[in-house]
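Subject: Handover of a structure and its findings

Dear colleague,

Please find the structure below, followed by an account of what was found in it.

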Protein chains: 2
Amino acid sequence: MRSHYCGQVDESLVDQEIELCGWVNRRRDHGGVIFVDLRDREGLVQVVFDPDKPEIFALAERVRNEYVLKVKGKVRLRDEAVINANLKSGKIELLGLELEVLNAAETPPFQLDDQGVHEDNRLKYRYIDLRRDEMQQRMRMRSQVSGFIRRYMEDNGFLDIETPMLTKATPEGARDYLVPSRTHQGEFFALPQSPQIFKQLLMMSGMDRYYQIVRCFRDEDLRADRQPEFTQIDIETSFMNEDQVMEITETMIRDLFAYVLEVALPNPFPRMTYAEAMDRFGSDKPDLRIDMELVDIGDLMEDVEFKVFSGPAKDPKGRLIVLRVPQGAKLSRKEIDGYTEFVGRYGAKGLAWIKVNDVDAGREGLQSPIVKFLPDEALDEIIKRSGTQTGDLLFFGAGNANVVNESMGALRVQLGHDLDLVSREWKPLWVVDFPMFEWNERDERWNALHHPFTAPSGSLEELEANPGESLSRAYDMVLNGCELGGGSVRIHDTAMQHKVFEILGISDEEANEKFGFLLEALKYGCPPHAGLAFGLDRMVMLMTGASSIRDVMAFPKTQTAACLLTDAPSEVSAAQLKELNIRIRKPVTEA
Amino acid sequence: MRSHYCGQVDESLVDQEIELCGWVNRRRDHGGVIFVDLRDREGLVQVVFDPDKPEIFALAERVRNEYVLKVKGKVRLRDEAVINANLKSGKIELLGLELEVLNAAETPPFQLDDQGVHEDNRLKYRYIDLRRDEMQQRMRMRSQVSGFIRRYMEDNGFLDIETPMLTKATPEGARDYLVPSRTHQGEFFALPQSPQIFKQLLMMSGMDRYYQIVRCFRDEDLRADRQPEFTQIDIETSFMNEDQVMEITETMIRDLFAYVLEVALPNPFPRMTYAEAMDRFGSDKPDLRIDMELVDIGDLMEDVEFKVFSGPAKDPKGRLIVLRVPQGAKLSRKEIDGYTEFVGRYGAKGLAWIKVNDVDAGREGLQSPIVKFLPDEALDEIIKRSGTQTGDLLFFGAGNANVVNESMGALRVQLGHDLDLVSREWKPLWVVDFPMFEWNERDERWNALHHPFTAPSGSLEELEANPGESLSRAYDMVLNGCELGGGSVRIHDTAMQHKVFEILGISDEEANEKFGFLLEALKYGCPPHAGLAFGLDRMVMLMTGASSIRDVMAFPKTQTAACLLTDAPSEVSAAQLKELNIRIRKPVTEA
């Protein structure tokens, strides 16, 4: 219906007659003529309707915002004075010669340029929200990202193989979405939390290199950046070790950023062990844009009177660290109280601090309720180790190591954002050498840090002898403090797989019921294999600078897992339930 | 771990040392040496182990079929006498220098070259079935097909946009798979039968050109070529009419066949109206490879005594046709009885026939129980119209037009296959000008022939005046008697959409409950739009020559919608059901 997109019209087309289709972004009357900004996916162009074509002029007078128009017109240069340098089409305008209203529009529930629309309203009228330039750009970048990744994968010999959505409960640990079976009554499918087992089976099928961009599902209580359905870039290879998988996927991400964002990521990405990441940043996904670190000072405090410090310093499960906040001495008492409350959410009992008003003035230059408890040598050494300068603030984390890591790691990031200490860079890294297991205090058993198919670095004997010290062959790619993706070398040996299940306290019966087919498959010639999965939503969120994954999904759900646009979920008929042989347990009272 | 794939090794590598990984396809001892055919995704290579390396030789003696090996060896030419022209690596072999058994394998439940394995066994041990060359080729072609289509779409400015899987019941008419919501108890999501409404909403969102290769779900009783989950190539565009959509998608398919199969499809595809397709082939997806047609002879029979013919000839809802079967006179009485039974399945009451033993001998040359009822002129005209020659057989279809079309259309295809009358060609076509509605005798109301969002060819007034005669702006792409895809121009006008719902007997209340958001969206500037969806599974099935879509899916389900590999669906815990606020209606007795 058109010869060009609105956003493609520029001065190269001057004096040509062209046809455009699009939406009325704005209409205004000025000096006896009508100006219509016509909008399509590619941009805006200004169309002018003169009164000397009375019929068209009359029609143009009736159009309103979001009317859908077809316009035929002649491109002409704008006067110098009204050139709009922000628009590709800003040097020209279209003199309207023919006009057809393809569809009228009622006044939209909100204006497209209104930045303050409540998210519920944006979700309910998503088809209007998505017309906004910002959302158009995000959807387009998402499409570019997945297109680029597919091409990269295919160019590297990866086969796109689809795995089932109606499947068996997966072992990822989160809650499954269930689908009642009609033909096998009383039984249920589960929607996949990931295609983990299927991709391993594809390696056993000799597919060698597999990838898929695939929907996954978790029925969790939603946090800010979670959705019940999300998209994973799923990758698995045979006969590759961790270095090879990391190289091929790292190159993909580097090429992707160069292609889509014209950003040069470091080559290679730095690698950091899990232990170092926890030590220095209190996190296994450190944000390296923030130049602050957790500095251990336990050795200085074992013998001080101040129990808050000496206790953790002496406790093998304790940790005592200092976090230097550059120019943090300017923080008010109220702000410090706020951070104390912040770390409290992670279980920290308090937040000791020292303001360094003059680093050369010794004890006199330090302002703090706790300085009096600390010996001079310790204070000097703290200042030295942390590289403290005049005007800085020192925060202290003391207590159980896990709590210190979590709370002070989170505080570090929070301070980074609050004090504008986050550099404008892309900081990727690999985190490696994860523990195989973590001890679950409550249930008094080992949990898998990744998933139970992750291979250990050592032998079966070493694993058995000391599960708590065993490292895994897992690797996470972290970017700016977010986990972009993670993976591992998998177990390809039956005995090892049984041993891991045993350590995890999964009985033979349970293992057979849940993963019997996988254990069976391991017997018939399973190749060494390894893989990785990226979260596409979060990747695109980072790349677009959006603040929520909802903003990079066309039709996301709310935090209660509802779709405000279609009103899903909704009630279904009694007949449908009967066919499925299920019933609602308790009548739900109207809210 | 390797330097090459097995299937890539050829005489260009002679004298080089290479490393391979793969599976033992076959091991045999011959003349004191051990031959191992090593297999990977790319093919086979023969590895020779000499006894003069006793350690490796001993290890090689222990390997069995499907062991996973890593071999280092030297490429050397084979003796002329043992060159295998069927293998890319058939001129060379690898002298094994180092051997590592990466994994052992128990004897597989079936041999890879056994063609007679029961499908249940193939599905249960899918990871072994998929190692077979045939299945490897199919999976690879499927990946090529979707990769090609994505590139074509992206090169043409289509954005890949993901739509939800957890959504509201769709109006496609089949049964939905339901997913109970935990956070909104008593309510359910439905898995999409297609993203139809979402893709229309994306057009209203200004996305202009959308595509997605997307999983869809139908909880139907499965026929031979249906699966509960299947994959659709989903396409939608704004500001395009049917000709433009047909052109862009036809070019895609033509390019695809050229690229993947090196087949030149006709340019352009022929177009045929629905009416012509039914008249000539009794089907809206005619298989044009078969050179037989349904020829109307009602006008010849209105006045004959033979009621079986004159009845339908005079009935406005009746039809009387002849189907000439080239060289069909050789069919036995038993075979003809078989075809009589065949058409009976479609509701035909009988199957009259004439064997034409000598086309020049008049009545004497015709062998048939019905010839005596038919006048000479009619017989002459039948022979003339149908182009009958000596040795042919004529079958007659008489009765209700729908029954005649369905039964004789099916018989035509069946005869084509039975008598080897199907040409070795690719015969695509477009079927157009479908009726908007078909009359549902049982419920005494109109059904939509496509779906209720399909635009009619005429005006609202014409539609209202005569729904039964109204044609739609729908189009189906047919290939070799299979519907590859179908689509339509959609309704973009609120009044028209309401009218179609009204004709379909969908009340305002029902329309609002099910599609209220769509009707609402139509108000705010909906562009003219049109689209199409292809069935990827069937497309790949046709392209690979597989006889079932199960053979082009990695992990298909059985005809009772079960996965024999993972044993899904399966029972879930009472706690899970309680969390979802549902219970099993009646206890299921053990089978």
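The centres of domain 1 of chain A and domain 2 of chain A, taken over C-alpha atoms, lie 49 Å apart. The bounds come from an automatic or database domain assignment, which divides chain A into domain 1 (6–103), domain 2 (135–271 + 428–564) and domain 3 (290–418).

Some conventions apply throughout. This is a predicted model, in which local features need pLDDT of at least 70 and side-chain atom pairs count only at pLDDT 80 or more, while totals for chains, interfaces and linings use all residues. Residues are numbered from 1 along each chain as its sequence is written, chains are lettered from A and ligands numbered from 1 in the order in which they are written, and side-chain values use heavy atoms, with hydrogens and water left out.

The interface between the chains

In chain A, 121 residues are in contact (heavy atoms within 4.5 Å) with 121 residues of chain B. The size of an interface is often given as the accessible area lost when the parts come together. Here chain A and chain B bury about 11000 Å² between them, 57% of it on carbon and sulfur atoms; buried area is the accessible area (1.4 Å probe) that two parts lose on being put together, summed over both. On the side of chain A, F239(A), Y524(A) and R585(A) lose the most area to chain B, together 8% of what that side buries.

There are 16 salt bridges between chain A and chain B, each a side-chain nitrogen of Lys or Arg within 4 Å of a carboxyl oxygen of Asp or Glu. One of them links R175(A) to E579(B), with the closest N and O atoms 2.9 Å apart. Helix 4 (residues 133–155) of chain A gives the most to the side of chain A that touches chain B, with 10 residues. Helices (H or I, at least four residues) and strands (E, at least two) are DSSP runs, numbered from the N terminus.

The two chains also share strand pairing, for which DSSP must find at least two bridges between the strands. Strand 23 (residues 582–584) of chain A pairs in the antiparallel sense with strand 23 (residues 582–584) of chain B over 3 bridges, and I582(A) stands opposite I584(B).

Strands within chain A

Strand 1 (residues 17–30) of chain A runs antiparallel to strand 4 (residues 68–77) of chain A, joined by 7 bridges; C21(A) has K70(A) as its bridge partner there. Strand 1 of chain A also pairs in the antiparallel sense with strand 2 (residues 33–40) of chain A over 7 bridges, where D29(A) is partnered by I34(A). The hairpin of strand 1 and strand 2 of chain A has 2 residues between the strands, and G31(A) takes a positive phi near 60° in it.

A residue in helix 6

E242(A) is placed in helix 6 (residues 242–261) of chain A. Leaving aside neighbours within four places in sequence, E242(A) is in contact with R473(A), Y475(A) and V489(A).

Backbone points to check by eye

Most residues other than glycine have a negative phi, and most peptide bonds are trans. D15(A), in the segment before strand 1 of chain A, has a positive phi near 75°. A cis peptide bond joins A568(A) and P569(A), with omega about 0°; P569(A) is found in the loop between helix 16 (536–544) and helix 17 (574–579) of chain A. In chain B, the peptide bond from N267(B) to P268(B) is cis, with omega near -5°.

With kind regards
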